[in-house]
Amino acid sequence: MSNLVTNLRPSPSRASEPSTASSYTEPQLPPKKEHVNALIRDICSERFANKLSAIFYFNKDSTYVSPSTWNFFGDYWIGLCILETGCSHHLLKIGDPDELLRVFAHFKPQLWNFRIGSSMGTAGSRLTLIVTHNACQPIPVCISRDIFRGKVLAHAAGYRFALCGDDIRSILGNEKMMTRFVTEDRKKLRVAEASTVPRLTVSLLGAKLLKQSLCLMANDIAFVLDASEVLGDEEPGDIVPLPSLFTISHALHASLEAVCADVEHVHLDRCADFYYMEQDDALESGVDF
């Protein structure tokens, strides 16, 4: 999608100037894992592999994690993500203060609308930054783009970023950032100025984002397939005998562990930060978040 922007990394010397696009350079993305595609095809049948949109594997933190960090909403790189069925919707990380600057600098007001939403979890509530295209263009979601060759997993109505307490105070202290919001949203930010909500360190893919997909969980692998392809003229069992999924899953998980050391070291904090559901006006107005 030509109008979608790329997540860019700010220059350390100019990080205080979020409105100056020339001060940003492209991020250093991690090495691609294209060879994992061949690994999957060796273990699964060719027919089954062709219908896969994504896979997630159960890691040492007991979390279904993407085997690659080449994960994108549109052209915006979201980094490591997890499949979290306890989260109703997607929730994207703002990994550090520089990334907050990137969001504001590259989602231009000529193309994008900003508003403040809220999420409720077992640990309390947090504010979210919701970014939607002015022309309501859907956002293609590609998980492990290097492995699945850019296959679209789903389409989102917009970006939904998790705001921590530090992010809220940074926005309140920046007049240019505050001009992106209507009066009601500014009030929400001011009310939450003393927030101590921690920063989200990984992006979450919730159940609603996968509502058009067929998710098969067997042992330590979650297979995500395009439901329209699978259920068109065939039954799932015609593509792969369901009992075989457990054998396939065991073999695939063992192989993935050997090539996913870069995501295995990531500690995923389970302090209820991953269980946030949308509780704002978006649902009432029918916006698909």
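In this predicted model, residue S144 is buried, with a relative accessible area of 0%. The term applies because buried means under 20% relative accessible area. S144 lies in the loop between β10 (139–142) and β11 (154–156). Its backbone deserves attention as well: S144 has a positive phi of about 50°, although it is not a glycine. Most residues other than glycine have a negative phi.

A second residue with a positive phi is N219, which is likewise not a glycine and has a phi near 55°. N219 is found in the loop between β14 and β15. N219 is partly exposed, with a relative accessible area of 42%.

The two strands on either side of N219 may now be considered. Strands β14 (residues 213–218) and β15 (residues 221–226) run antiparallel and are joined by 6 bridges. Within this pair, S213 stands opposite D226 in β15. Together β14 and β15 form a hairpin with 2 residues between them, and N219 belongs to the turn.

Strands of a sheet pair through backbone hydrogen bonds, either parallel or antiparallel.

Elsewhere in the sheet, β3 (residues 52–58) and β4 (residues 64–65) provide an antiparallel pair, joined by 2 bridges. Here Y57 stands opposite V65 in β4.

Methods
Residues numbered from 1 in each chain as written. Predicted model: local features only at pLDDT ≥ 70, side-chain atom pairs only at ≥ 80, totals over all residues. Heavy atoms only, no water. Pairing = 2+ DSSP bridges. Helix = DSSP H or I, 4+ residues; strand = E, 2+ residues; numbered from the N terminus. Buried < 20%, exposed > 50% of the residue type's maximum accessible area, 1.4 Å probe, protein only.
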